[in-house]
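My plan is to look things up one by one and jot down what turns up.

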Amino acid sequence: VQKEVQYRERLAVAGRHMLRSEAVLSASEARFRSIFDLASIGIALVSTTGGWLSANGALSKMLGYTPEELQRRTFQEVTHPDDLNSDLGLLQRLHAGEIDQYQLEKRYIRKDGSIVWVNLNVSKKLNEAGEIEYYISVIKEISAQKEAEHALSALHADLEARVKERTFELHERELELSSVIENANDAYIG
């Protein structure tokens, strides 16, 4: 009887520990979900085949798709064709274990067909067996930065062209003045 009582007491203690553990796990999961959903940058869990397993609101808004619409697509379908090979090459290296994560600037094609520049950071989530379970993508929109870089590049090119043009004009004017001075000397001497 005493052993049975001790056994039941241990069972009750284990049950309380399990309930506390479940509560802690549930609270932790709720905090993660809040961070995931409320983050101001895009966060997505992506399958090893490229499908969006889960995407937060910021990413959905950035790309113009609902989370459900994104889950019916792959990242390859919304990546600009000119940027796809770079992304896939880095992903292949990540999958092979050559790198632990990668970062690149690339373009996505929004649902309305417009382009959005992003800074993409991808890492892998391994299961207990050491196999890739999914990829974690953190995506920050950098379209304004890219527009500023483009505008700065255009201004630089314009400035270079103006300097070249002005240098040519000054050279022409110098030749003209040399000719005038030379002729003036000839006229003065003669």
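Where do Arg166 and Glu169 lie, and how many residues apart are they? I found both in helix α6 (residues 143–189), 3 residues apart, about one turn of the helix. For the record, helices (H or I, at least four residues) and strands (E, at least two) are DSSP runs, numbered from the N terminus.

**Ground rules.** I am working with a predicted model, where local features need pLDDT of at least 70 and side-chain atom pairs count only at pLDDT 80 or more, while totals for chains, interfaces and linings use all residues. Residues are numbered from 1 along each chain as its sequence is written, and side-chain values use heavy atoms, with hydrogens and water left out.

My cut-off for a salt bridge is a side-chain nitrogen of Lys or Arg within 4 Å of a carboxyl oxygen of Asp or Glu. Side chains of opposite charge can pair when their charged atoms come close. The classes I use are buried for under 20% relative accessible area, exposed for over 50%, and partly exposed in between (1.4 Å probe, protein chains only).

**Entry on the overall layout.** I stepped back and counted 6 helices and 5 strands in the protein. Read from the N terminus on, the elements run α-β-β-α-α-α-α-β-β-β-α. Then I took up the dimensions. The C-alpha atoms fill a box of roughly 140 × 35 × 30 Å along the principal axes. The radius of gyration is 32 Å, whereas a compact globule of 190 residues would have one near 16 Å. That radius is taken over C-alpha atoms, and the globule rule is 2.2 Å times the number of residues to the power 0.38.

**Entry on surface and contacts.** How much of the protein is buried? I noted 26% of the 190 residues. The protein exposes about 13500 Å², and carbon and sulfur atoms supply 55% of that area; the method is Shrake-Rupley with a 1.4 Å probe, and for residues only the protein chains shown count as cover. I also looked at contacts (heavy atoms within 4.5 Å). Among those between residues at least 6 apart in sequence, 39% join residues at least 24 apart.

**Entry on other salt bridges.** I found 12 salt bridges in the structure. One of them joins the side chains of Glu98 and Arg93, at 3.1 Å from N to O. Glu98 counts as exposed, at 55% relative accessibility, while Arg93 is partly exposed at 37%. I also noted a network of salt bridges that links Glu105, Lys146 and Glu149.

**Entry on Lys125.** Which element holds Lys125? I located Lys125 in strand β4 (residues 115–126), and its 30% relative accessibility makes it partly exposed. Lys125 forms a salt bridge with Glu133, with the closest N and O atoms 3.5 Å apart. Glu133 is partly exposed as well, with a relative accessible area of 41%. Leaving aside neighbours within four places in sequence, Lys125 is in contact with Glu131, Ile132, Glu133, Tyr134 and Ile136. For Ile136 I looked up the spacing: Lys125 and Ile136 are 11 residues apart in sequence and 6.9 Å apart in space, C-alpha to C-alpha.

**Entry on Arg107.** Buried or exposed, what is Arg107? I have Arg107 down as buried, at 18% relative accessibility, and its place is in strand β3 (residues 101–109).

**Last entry, on Ala30.** Ala30 sits in helix α1 (residues 2–38) and counts as partly exposed at 43% relative accessibility. I looked up its spacing to Asn127: Ala30 and Asn127 are 97 residues apart in sequence and 21 Å apart in space, C-alpha to C-alpha.
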